[in-house]
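Let's take a walk through this fold by way of its side-chain contacts. Have the model open as you read.

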Amino acid sequence: MQDPNEDSEWNDVLRAKGIIPQKEKEITEDDIVKMVEETIHQKQKDGKDIDEMNLDELDELEDSEDEFVLQEYRNKRIAEMKALAEKNKFGTLGEISGQDYVQEVNKAGEGIWVVLHLYSRGVPFCQLLNQHLAVLAQKFPATKFLKSIATTCIPNYPEKNLPTVFVYFEGQMKRQFIGEVDLRGPNTSIDELEYLLGREGAVNTEIKDDPRRKVQDKMFMDLNDANDW
């Protein structure tokens, strides 16, 4: 019996007359990619998009029909989660000494931002900054936040320069905040500090407008309202 899928003039005639079915289309690489994309974007479970599912839910979703596609997607998600965990590996305000400086700051690694606070226990503003930085370290775990007693890093470092905050990227100094003026005084809010660090690129903040300017504008408006009375 002649193969109905064979390419021949006779089979073309039979197909045209509907005597034998049309030749099955070969699945190309582009077809496979399209199938994968459609499965990923269309498959849903309890109204939840597949992009929002965790690994356990992806396991439950697998079946004989699309097991290969889902397994590939699951592997991709695992790789993404590992990459995110590797990037978000800090999360605390660490303490270093002068002996640690080169290893922890200058050799922090590729793509790593470091925020280093030189402080003194006798300066109240330093204590406030340490509190702010500890919170920001948890909020931005991809950035390495460090503190160090100033004189342990730089012998005879002038206390009048405290607090001092150094911002490094890939071991290179990018910004220095030296003293109260640079850091906006002892009433600096955590949002202001986040804004200053975000402006340098050290943290991926959503605060794009200066919080202090907003406060000043509100005070000015309140003062005008009071004068209207």
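In what follows, buried means under 20% relative accessible area, exposed means over 50%, and partly exposed is whatever falls in between, using a 1.4 Å probe and protein chains only. This is a predicted model, so local features need pLDDT of at least 70 and side-chain atom pairs count only at pLDDT 80 or more, while totals for chains, interfaces and linings use all residues. Residues are numbered from 1 along each chain as its sequence is written, and side-chain values use heavy atoms, with hydrogens and water left out.

Let's begin with charges. Side chains of opposite charge can pair when their charged atoms come close. The term salt bridge is used here for a side-chain nitrogen of Lys or Arg within 4 Å of a carboxyl oxygen of Asp or Glu. How many salt bridges does the structure hold? There are seven. One of them joins Arg-184 to Asp-210, with the closest N and O atoms 2.7 Å apart. Arg-184 lies in the loop between helix 8 (179–182) and helix 9, and Asp-210 in the loop between helix 9 and helix 10 (211–228), so this pair ties together parts that are 26 residues apart in sequence. Both Arg-184 and Asp-210 are buried. As for the element numbers, helices (H or I, at least four residues) and strands (E, at least two) are DSSP runs counted from the N terminus.

Now look at Arg-212 and Glu-192, whose side chains meet in a salt bridge at 2.7 Å, N to O. Arg-212 lies in helix 10 and Glu-192 in helix 9, so parts 20 residues apart in sequence are tied together. Glu-192 is buried at 5% relative accessible area, whereas Arg-212, at 28%, counts as partly exposed.

Glu-194 and Lys-139 form a salt bridge of 3.0 Å, N to O. This one links distant parts of the chain, with Glu-194 in helix 9 (residues 190–200) and Lys-139 in helix 6 (residues 124–139), 55 residues apart. Glu-194 is buried, with a relative accessible area of 3%.

While you're on helix 6, find Cys-126, which lies in that helix. Is Cys-126 buried or exposed? It is buried, at 0% relative accessible area. Contact here means heavy atoms within 4.5 Å. Not counting residues up to four places away in sequence, Cys-126 touches His-117, Tyr-119, Ser-120, Leu-162 and Pro-163. The C-alpha atoms of Cys-126 and Glu-180, 54 residues apart along the chain, are separated by 9.5 Å.

On to the rings. A pair of aromatic rings is described by the distance of the centres and the angle of the planes. Rings of Phe, Tyr and Trp (its six-membered ring) pair if their centres lie within 6.5 Å; planes under 30 degrees apart count as stacked, over 60 as edge-to-face and the rest as tilted. A search of the whole structure turns up two such pairs. Tyr-101 and Tyr-168 are edge-to-face, 6.3 Å centre to centre with 75 degrees between the planes. Tyr-101 lies in helix 5 (residues 101–106) and Tyr-168 in strand 6 (residues 164–169), so the pair ties together parts 67 residues apart in sequence. Tyr-101 counts as buried at 14% relative accessibility, and Tyr-168 counts as buried at 7%. The rings of Trp-113 and Phe-169 have centres 4.6 Å apart and planes at 35 degrees, so that pair is tilted. Trp-113 sits in strand 4 (residues 113–119) and Phe-169 in strand 6, 56 residues apart. Trp-113 is buried at 18%, while Phe-169 is partly exposed at 22%.

Strands count as paired if DSSP finds at least two bridges between them; strand 6 and strand 7 (residues 172–178) pair in the antiparallel sense over six bridges. The bridge partner of Phe-169 in strand 7 is Gln-172. The hairpin has two residues between the strands, and Glu-170 takes a positive phi near 50 degrees.
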